[in-house]
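Please examine the structure shown below, together with its sequence. The paragraphs that follow explain how charged side chains pair and how nonpolar side chains gather.

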Amino acid sequence: MQNYFYNMRIIGTGSALPKFVATNQMLSEVMDTSDEWISTRTGIKRRHLLVNQELEEIGVEAIENALKDAGITAKDLDYIICSNTVNEYITPGLGCVLQGHIGATCPSIDINAACAGFLYGMQIAESFIKTGVAKKILIVAAEEPSRIPTWTDRSTSVLFGDGAGAVVVSAEGDDVLAMRSTTTSAPIVLYSKRAMEKTPFVGEIEGNVPLVMNGREVFRMAVSNSQDDIKAVMEDANITSNQVKYFVLHQANIRIIEAIRHFLDEPEEKFPTTIENTGNMSSACIPILLDRLNKEGKLSKNDILVFSAFGAGFQTSACVVRWNK
Ligand code: UT7
C-alpha cells in the first residue's frame with residue numbers, strides 16, 4: 001500500500017453533446033460500411049458530431065453544468081485545466097478561450113494526453129491542490145476527434161464522436177485514493193500530423209496526415225496497459241474489485257471494455273457505457289460518463305469508482321476515487 005495521501009474531492013460534474021446525430025445507417029450511405037460491421041466490431045450505434053456548432057459552445061455548456069452542480073460560479077475557480085486533442089485554434093489554448101466565455105479570471109492551461117487527458121488533468125489538479133496553487137479547479141475535456149481522421153478512411157472515421165465533459169474538484173476532501181499515469185512512446189500506432197507553414201528556409205510544406213491507426217495494436221496495448229493500471233491503482237488504494245461500485249472506463253470499443261471486465265471477473269452492470277450512443281469522444285468520455293451516473297442518481301456517498309483511460313502516445317492513466325458529493 002502506498003504512503004502518499006491525496007487531497008481532492010469531486011464537487012460537481014457537467015457534460016454536453018452536439019445536437020447533430022449520425023447513425024451507422026447514415027454512415028453506410030456515405031461510405032462503404034454497415035451498421036452490422038460497426039456495431040459488432042465496436043459497440044457503436046450512433047455518435048454526436050459538431051455540425052454548424054462550435055466546440056467552444058458545448059465546452060461552455062459542460063462547464064456551466066459542472067459549476068451549477070458544484071454550487072459555485074466561474075469567479076470562484078482558481079485554475080482551469082483543459083484537456084483537448086484538436087480544435088480550430090493552434091494558439092491560444094482552448095482553456096483560455098473557454099475561460100473568457102464563462103467569465104472566469106483564473107489561469108488556464110491546456111494539456112494534450114489524447115484520450116487519457118482528463119485523468120492526467122485530475123492528477124495535475126491534485127498536485128496543484130496539494131502544493132497550495134489552487135483550492136478549486138475546473139477540469140474540462142472538450143473534444144472533436146471526428147475531425148482528426150479523413151472520412152475516406154472507414155477504419156478510423158466511424159469510431160469517433162464529439163463531446164465535452166467537466167468536473168470541479170476542491171481541496172475540501174481526501175477522496176482520491178490512488179492515481180497512476182504511464183507513457184510508453186509509440187507514436188507509430190496512432191498519430192495524426194498537421195501541416196506547418198513554409199519559411200524562407202523550409203521550402204517544402206509537409207502535408208497534413210489524417211489519423212493513422214494500427215487498430216489491432218492499439219486494441220492489444222489498450223487491454224494490457226489498462227489492466228496493469230487498474231490492478232496497480234486498486235493495490236495502491238488497498239481495495240479489491242468487489243468493493244468497486246463502477247469501473248468508469250474510456251469508451252473506445254465495447255470489446256476492449258469487455259476484455260477488461262473479463263480480466264476483473266466482475267458483472268456487466270459495474271461497467272456503465274455511453275459508447276453505443278456517443279462513440280469514442282477522446283478524453284471527454286470519462287467526465288461525460290461520470291456526469292451521467294451523477295445526474296441519473298446512480299452514485300451514493302462513499303461509492304468507490306475506478307477510472308481508466310488509454311490513448312495515443314501511448315498514454316494511459318487510472319485512478320480510484322471515493323464519491324463524496
Ligand atoms: O482513441 C483511439 C483508440 N482507438 C482504438 O481504441 C481502436 C482499437 N482497435 C479497434 O477498436 C479495432 O481494431 C477496430 C474496430 C478499429 C477494427 O476492428 P478489427 O477487428 O481489428 O478489424 P480489422 O482492422 O482487422 O479489419 C477487418 C476488416 C478489413 O477487411 P479485410 O481486409 O478483412 O477484407 C477492413 O478493411 O474490416 C474492414 N473494415 C471495415 N468494414 C466495414 C475496416 N473498417 C470497416 C468499416 N466497415 N468501417
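**Salt bridges and nonpolar cores**

A salt bridge joins the side chains of E126 and K130, with a distance of 3.3 Å from N to O. The model in which this pair is found is a predicted one. Both E126 and K130 belong to helix 5 (residues 117-130), where they stand four residues apart, about one turn of the helix. Are these two residues buried or exposed? E126 has a relative accessibility of 2% and counts as buried because the cut-off for that class is under 20%. K130, by contrast, is partly exposed, with a relative accessible area of 32%.

Another salt bridge connects the side chains of K136 and E172, at 3.0 Å from N to O. K136 is part of strand 6 (residues 136-143), while E172 is in the loop between strand 7 (163-170) and strand 8; the pair therefore ties together parts that are 36 residues apart in sequence. K136 counts as buried at 19% relative accessibility, whereas E172, at 46%, counts as partly exposed. Salt bridges can also share partners, and in this way R9, D174, D175 and R322 are joined into one network.

A further pair is formed by E57 and K19, whose side chains meet in a salt bridge of 3.7 Å, N to O. This pair links distant parts of the chain, since E57 lies in helix 3 (residues 55-70) and K19 in the loop between strand 1 (9-16) and strand 2 (20-23), 38 residues apart. E57 is partly exposed at 37% relative accessibility, and K19 is exposed at 66%. In total, the structure holds 16 salt bridges.

We now turn to the nonpolar side chains. In soluble globular proteins, such side chains tend to be buried together. The largest nonpolar core here has 42 residues, of which I230, M234, I239, F247, V306 and V320 touch the most other members. Among the elements that each supply at least two residues of this core are strand 8 (176-183), helix 7 (215-236), strand 11 (246-249) and helix 8 (254-264). Helix 7 gives the largest share, seven residues.

Leaving aside neighbours within four places in sequence, F247 is in contact with several residues, including I230, M234, L264, F271 and V306. Another core, of 40 residues, lies apart from the largest one, and among its members are I111, F118, Y120 and M122.

Terms used
Residues are numbered from 1 along each chain as its sequence is written. This is a predicted model: local features need pLDDT of at least 70, side-chain atom pairs count only at pLDDT 80 or more; totals for chains, interfaces and linings use all residues. Side-chain values use heavy atoms; hydrogens and water are left out. A nonpolar core is a set of buried Ala, Val, Leu, Ile, Met, Phe, Trp, Tyr and Cys residues joined through side-chain atoms within 4.5 Å. Buried means under 20% relative accessible area, exposed over 50%, partly exposed in between (1.4 Å probe, protein chains only). Contact means heavy atoms within 4.5 Å. A salt bridge is a side-chain nitrogen of Lys or Arg within 4 Å of a carboxyl oxygen of Asp or Glu.
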